[in-house]
Every structure is written in structure tokens, then in C-alpha cells.
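User: I'd like to understand the labels used for this model. Please set each value against its rule.

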Amino acid sequence: MALNAAISNPIGDSNDSSPQQLHMLPRGVLIPFTLVTALFFLWGVPNNLNDVLIRQFMKSFSLTRFEAGLVQSAFYLGYFVLAMPAALLMRRFGYKFGFIVGLVLFGSGAFLFWPAALMGRYLYFLAALFVIASGLSFLETASNPFVAQLGDPKTAAQRLNFAQAFNPLGSIGGALIGTVYIFSGTELEKSQISAMQAAHTYSQYLQSETRRVVAPYMILGGVAILWAVLIAFARFPKMAGEVTFEKEEHGHFRDLLRYPSFLLAIFAQFMYVGAQVGTWSYFIQYVQESTHQHEKMAGYLLTGTLAAFGIGRFASSAIMHYIRRTG
């Protein structure tokens, strides 16, 4: 199988058994490793900006909690629809192609927030989020196996944990950016809303609240496109799996269904993501309803929970360096 060949000999035809290979990174791959590791941070930002968007759209579009929750539905639908096509395309064209396509989709979806805000349609924001998540599905599908194969197999887990530890930093950044730059801190009482409606200024207020989401996403889209350009011009090592996939026989997807451990892993991942997304998506509303704090304070508390999550990720990566794997 090509996958076995890629794991046993991840970069080209090198058979060097020197101690250099026992390091986390072999010589000459620092630039691609840095560029790809940054992606773990980058896709964490929109993931937890969604938690802020839910609260913001509840206010700016006068949505129910269920309607605002469609933010996450549209977002993760992008993962569901594009993950397998992304894997097939990268099997044909390579990881670098996947990174570039994913970043272009990511940036394009972020830029769509501008026309969505100008037209003031919630459905258009959902479409933009779907495009963003479609791009992220490429990035996540490519990044983990790329990092795992970018060096000695004995240090693959260390590389993965190091790279993945930057994902919660992106999540922290997303929640903090949303709290500072999207939340206005203005939350109207019913009497104030009635007064503004009588003065015909309420719709103007809602429009201003809707447009607060534009600037962060414009910047995020610009960073994504810039990173696509950097990756396009960077020299990436050729992975063994990218060279030999046309010559070797691959198994079929349906063969995986014969393994109970694979099916249980899918179920565990489904439950984990559901619990995580469900908790953080409504954390801000929970804090406001339970403690009567304003939206910015609730956003800062959300950021604190993500910071604790990030500390745990970095700590586990460091611990794995000292604890030998058994079995």
C-alpha cells in the first residue's frame, strides 16, 4: 500500500539512518513545516468566531437561538460535503494543491461577508460560512497527514501534537477578535427598542450591528490569500504517497466498514465534535442568562475557556516528549 510506503519512508527515497532523523524535523523542511503549522492556527480563528457570530446575528437579525444556530449547521455542512472530494483531489494532485485550493476557498468565503452585509441577508452569511468551511476541509484533510509524513515516523506523534497545539491559539484569537471588534457592547432594552422603532432608527441600528462582522473577515480573507501565495512559491518536499499512488493498488473505502474500531472512532469523533460545538456555541448566551453579564464580558469568559483548552494541548505535547509509548 502507498500509505505504508509513505509512513515508512515519508520524504522521497532517503534511507539515511543517522541520528538526525530522530529529531522532530529533518533538515530542509522547516519552511513547509512552519507554513503548514500556521494553518492549524489560521483555521482555529473562524471556528470560534462562529460562537460570536451566533450571538451577534441573534441581535442584528432578531433571530431565535435555533435560527442563529444555523451558523454552525452551514459551517459543518461544508466539512461534510467537501472532506472526501478534498481527499480525492489531493490524492491526485498532491498536498500543496490542497493547501492552495483550501486557502483560496477560505479567503473567498471571508470576502463574501462584505456583499452579505451590504444586502443584509442572513442566508448570504450562511452561504459565505459554507464556502469558508469548504476551504477549511481541504486544509484539515491535508495538514495532519502532511505533518505526520514530514520526517521520521518515530517522531510523527510529536510533530502532530506540536502543530495541533497551535489550533487552540487560533480559537482563542477568534473568540477575542470577535469580542473586541464585533461586539459593540450595546444591548438595548425593550423600551429602548420601542423608542427607536417609533423614531424609525431601529433598522439603522440593526444594519450597523450587522456590518460590524465585515472588517474582521476582510482581514482574515486577506491573510488566507497571502498564505496561499506563500505556499505556492515555497518549495515543498515530494511525499512518497504522491509519487506512487498511480502505480500501486489502493483499498476501497467500503473496506473500512468491516472494521468495528473504525466505525467506533467515527462515532466517538461525532460525539466529541457535537459536544464541543454545542457547548461553545451557546456559552455566551448561557453566561448572559445565568449571570446577567454583558456580551463583551461573556465573550472574554469564552476566551478564557479556550485558553485553558490551549494550555492542556501544549502540556500534553510536552508530556509526550518524556513518556515513552507502550504497546
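User: How many salt bridges are there, and what makes a pair count as one?

Analyst: A salt bridge is a side-chain nitrogen of Lys or Arg within 4 Å of a carboxyl oxygen of Asp or Glu. By that rule the count comes to five. The model is a predicted one: local features need pLDDT of at least 70, side-chain atom pairs count only at pLDDT 80 or more, and totals for chains, interfaces and linings use all residues. Residues are numbered from 1 along each chain as its sequence is written, and side-chain values use heavy atoms, with hydrogens and water left out.

User: Why do glutamate 209 and lysine 59 count as a salt bridge?

Analyst: Their closest N and O atoms are 3.2 Å apart. The limit is 4 Å, so the pair qualifies. Glutamate 209 lies in helix H11 (residues 202–211) and lysine 59 in helix H2, so the pair ties together parts 150 residues apart in sequence. Helices here are DSSP runs (H or I, at least four residues), numbered from the N terminus.

User: Why is glutamate 209 called buried?

Analyst: Buried means under 20% relative accessible area, exposed means over 50%, and partly exposed is in between (1.4 Å probe, protein chains only). Glutamate 209 has 4%, so it is buried. Lysine 59, at 10%, counts as buried too.

User: Which salt bridge does glutamate 295 form with lysine 59, and what does it tie together?

Analyst: The side chains of glutamate 295 and lysine 59 meet at 3.0 Å, N to O. Glutamate 295 is in helix H16 and lysine 59 in helix H2, so parts 236 residues apart in sequence are tied together. Both residues are buried.

User: How do you know that glutamate 289 and arginine 65 form a salt bridge?

Analyst: The closest N and O atoms are 2.2 Å apart, so the pair meets the 4 Å rule. Glutamate 289 is in helix H15 and arginine 65 in helix H3, 224 residues apart. Arginine 65 has a relative accessible area of 37%, so it is partly exposed.

User: Which residues do shared partners join into one network?

Analyst: Salt bridges that share partners join Arg55, Lys59, Glu187, Glu209 and Glu295.

User: What makes the phi of histidine 292 worth a look?

Analyst: Most residues other than glycine have a negative phi. Histidine 292 is not a glycine, yet its phi is positive, about 60°. It sits in the loop between helix H15 (283–291) and helix H16 (295–322). In H15 itself, the buried residues are Phe283, Ile284, Gln285, Val287 and Gln288.

User: Where is serine 62, and is it buried or partly exposed?

Analyst: Serine 62 is in the loop between helix H2 (30–60) and helix H3 (65–68). Its relative accessible area is 45%, so it is partly exposed. Serine 62 also has a positive phi, about 55°, although it is not a glycine.

User: Why are H8 and H9 called roughly parallel?

Analyst: Angles run from 0 to 180 degrees between N-to-C directions, with axes fitted to C-alpha atoms over the stretch in contact. Under 35 degrees counts as roughly parallel, over 145 as roughly antiparallel, 65 to 115 as roughly perpendicular and the rest as oblique. Helix H8 (residues 156–164) and helix H9 (residues 166–182) pack at about 5°, with their axes 4 Å apart. They are therefore roughly parallel.

User: Which residues make that contact?

Analyst: Contact means heavy atoms within 4.5 Å. Phe162, Ala163 and Gln164 of H8 make it with Phe166, Asn167 and Pro168 of H9.

Definitions and conventions. Helix = DSSP H or I, 4+ residues; strand = E, 2+ residues; numbered from the N terminus.
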